[in-house]
Amino acid sequence: MTTGKENALGTYLKDRRSRLDAAALGYATGRRRTAGLRREEVAQRANVSATWYTWLEQGRGGAPSTNVLDRVSQALLLTDAEREHAHLLAFGRPPEVRYKHVESISPRLQHILDALKYSPAFVRTSTWDIVGLNKAASLLLGSPESLAVPRNILRNFFGNPQARLLQTDWATAARFVVAAFRADITRAGATEEVKQLIDDLSLSSPDFAAMWRENDIVSHGGGLKQLNHPVAGVLNLEYSSFAVDGRSDLTLVIYQPATAEDTKRIRLMLKAGR
């Protein structure tokens, strides 16, 4: 006998099925005894047999494959959060990350960045494209004339002379950036999406090409960074990285001035506007 706990996935799928609008999905609504789609309609949308889908909801026949559960999730119009929940119920683990191209962030997230006035902060994708930043971060990255996004951190690091001068130890920082970038794109399943970027940088920067061949991997959670800004002078910054809730493809990075003197230097940079 299958208990309610053991059949949590079937119960969840049945509930999601009952919430779908049959008419909006092009199905006749007459003579339906229950709300939502019929099991055979979900099965058809997921390209599985009606019998197999019935067994899935009833907790019979074992766990589905990840591919089939994804097709069922699509058939039921599950959101990313709902799809993740279905995978957790079925397998006890979240689904593999799906890389998504992102070019901007929500106004609410931008407001958070802007509120961190004296802490340079930005949001980057798993391919290290900056898709949102505050004014302090823009000045620190050497682009005082514009807050335009997206911009790629690696292209800036290896192609912008100002970015090289900003680092007190550019070679060590560059090696760390490349290793952390490799870890992120692998975790996100985005190796194909960055192939052109890697090819471009390998051709334009011998330094990048050499570091990329090293195949190093590091974590990018947080630490202490020292920068030498042309206006603010030497800045000691504590940086932390945070996952954006509900957006596993985005990372919030905040550089917090380490001392009161560093905050004063950030203020000077903002006042000068460069």
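1. Helices here are DSSP runs of H or I, at least four residues long, numbered from the N terminus. Arg187 and Asp184 both sit in one such run, helix α10. Three residues separate Arg187 from Asp184, about one turn of the helix. The model is predicted.

2. The Arg187 and Asp184 side chains form a salt bridge, 2.8 Å from N to O. Which partner is buried and which is exposed? Asp184 is buried, at 12% relative accessibility. Arg187 is exposed, at 57%. Asp184 falls in the buried class because the cut-off is under 20% relative accessible area.

3. Other salt bridges deserve a look. Those that share partners link Asp15, Arg16, Arg19 and Glu82 into one network. Within it, Asp15 pairs with Arg19, and their closest N and O atoms are 2.9 Å apart. Asp15 is partly exposed, with 27% relative accessibility. Arg19 is exposed, with a relative accessible area of 57%.

4. Arg38 and Glu41 also meet through their side chains, at 3.4 Å from N to O. Glu41 is buried, at 8% relative accessible area. Arg38 is partly exposed, at 30%. The salt-bridge count comes to 16. As a general point, side chains of opposite charge can pair when their charged atoms come close.

5. The largest nonpolar core holds 40 residues. Phe158, Phe181 and Phe208 have the most contacts inside it. Helix α10, residues 170-188, supplies the largest share of this core, with nine residues. The Arg187–Asp184 pair lies in that helix too.

6. What does Phe181 touch, leaving aside residues up to four places away in sequence? Its contacts are Thr127, Trp128, Leu154, Val194, Leu197, Ile198 and Trp212.

7. A second core is separate and has 20 residues. Leu9, Leu37, Val42 and Ala86 are among them. In soluble globular proteins, nonpolar side chains tend to be buried together.

8. How many cavities of 30 Å³ or more are there? The count is one. The volume of the largest cavity is about 30 Å³. Its lining consists of Trp52, Trp55, Leu56, Arg60, Gly61 and Gly62. By class, that lining splits into three nonpolar residues, two polar and one charged. Arg60 is the charged one because Arg counts as charged.

Definitions and conventions: Residues are numbered from 1 along each chain as its sequence is written. This is a predicted model: local features need pLDDT of at least 70, side-chain atom pairs count only at pLDDT 80 or more; totals for chains, interfaces and linings use all residues. Side-chain values use heavy atoms; hydrogens and water are left out. A nonpolar core is a set of buried Ala, Val, Leu, Ile, Met, Phe, Trp, Tyr and Cys residues joined through side-chain atoms within 4.5 Å. Buried means under 20% relative accessible area, exposed over 50%, partly exposed in between (1.4 Å probe, protein chains only). Helices (H or I, at least four residues) and strands (E, at least two) are DSSP runs, numbered from the N terminus. Contact means heavy atoms within 4.5 Å. On a 1 Å grid over the protein atoms alone, a cavity is a set of points where a 1.4 Å probe fits but cannot get out, and a pocket is an open set with protein on both sides within 12 Å along at least five of seven lines; lining residues have an atom within 4 Å of a point. Grid points are joined across faces, edges and corners, and a volume is the space filled by probe spheres set on the points. A salt bridge is a side-chain nitrogen of Lys or Arg within 4 Å of a carboxyl oxygen of Asp or Glu.
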